[in-house]
Amino acid sequence: MNRTEKIRQFIEDRFLVEFGGDVTSGSDLFKAGVMDSFGYIQLMSFLEDEFGIAISDEDMLTSVFVSLDAIDGFVAGKLSERERRGDAACAG
């Protein structure tokens, strides 16, 4: 299962929603009534645990990720950032 599928599976299982009908990967999950602020915190915790990334309070407050596409893009960016830091540490 790839990164996007893992995130999608978590959202579908946790929030009892299926992507593909009224809710798409680009849907605002707050406006669609899928997720609330407590659910958002749960999602962020899952992302940290599942992908080994650190999500700062600033990340959570300044860039609220409301769609599967946006969440997946955020995680991809964090993983890429971590890889760049790792490569820089190895090169040093």
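**Note on the core and salt bridges**

1. In this predicted model, the largest nonpolar core has 25 residues. Those with the most contacts inside this core are I11, L43 and L47. Two or more residues each come from α1, α2 (37–51) and α4 (68–91). Of the elements, α2 gives the most, with six residues. As a general point, nonpolar side chains in soluble globular proteins tend to be buried together.

2. I11 deserves a separate look. Leaving aside residues up to four places away in sequence, I11 touches L16, V17, F19, L29, V34, L43, L68 and I71.

3. The count of salt bridges comes to five. One of them joins the side chains of K6 and E50, at 3.4 Å from N to O. K6 belongs to helix α1 and E50 to helix α2, so this pair ties together parts that are 44 residues apart in sequence. Both ends are partly exposed: K6 has a relative accessible area of 29%, and E50 has one of 36%.

4. R8 forms a salt bridge with E12, with the closest N and O atoms 3.4 Å apart. R8 and E12 are four residues apart in helix α1, which means about one helical turn separates them. R8 is partly exposed, at 32% relative accessible area.

5. In helix α4, R85 and E81 are four residues apart, about one turn of the helix. Their side chains meet in a salt bridge at 3.1 Å, N to O. E81 is partly exposed, with a relative accessible area of 33%.

6. N2 lies in the segment before α1 (3–15). The side chain of N2 reaches the backbone nitrogen of T4 at 3.0 Å. N2 is partly exposed, its relative accessible area being 42%.

Technical notes
Residues numbered from 1 in each chain as written. Predicted model: local features only at pLDDT ≥ 70, side-chain atom pairs only at ≥ 80, totals over all residues. Heavy atoms only, no water. Buried < 20%, exposed > 50% of the residue type's maximum accessible area, 1.4 Å probe, protein only. Polar contact = N/O pair within 3.5 Å; in protein donor to acceptor, adjacent residues only side chain to side chain. Core = buried A, V, L, I, M, F, W, Y, C linked by side-chain atoms within 4.5 Å. Contact = heavy atoms within 4.5 Å. Salt bridge = Lys/Arg side-chain N within 4 Å of Asp/Glu carboxyl O.
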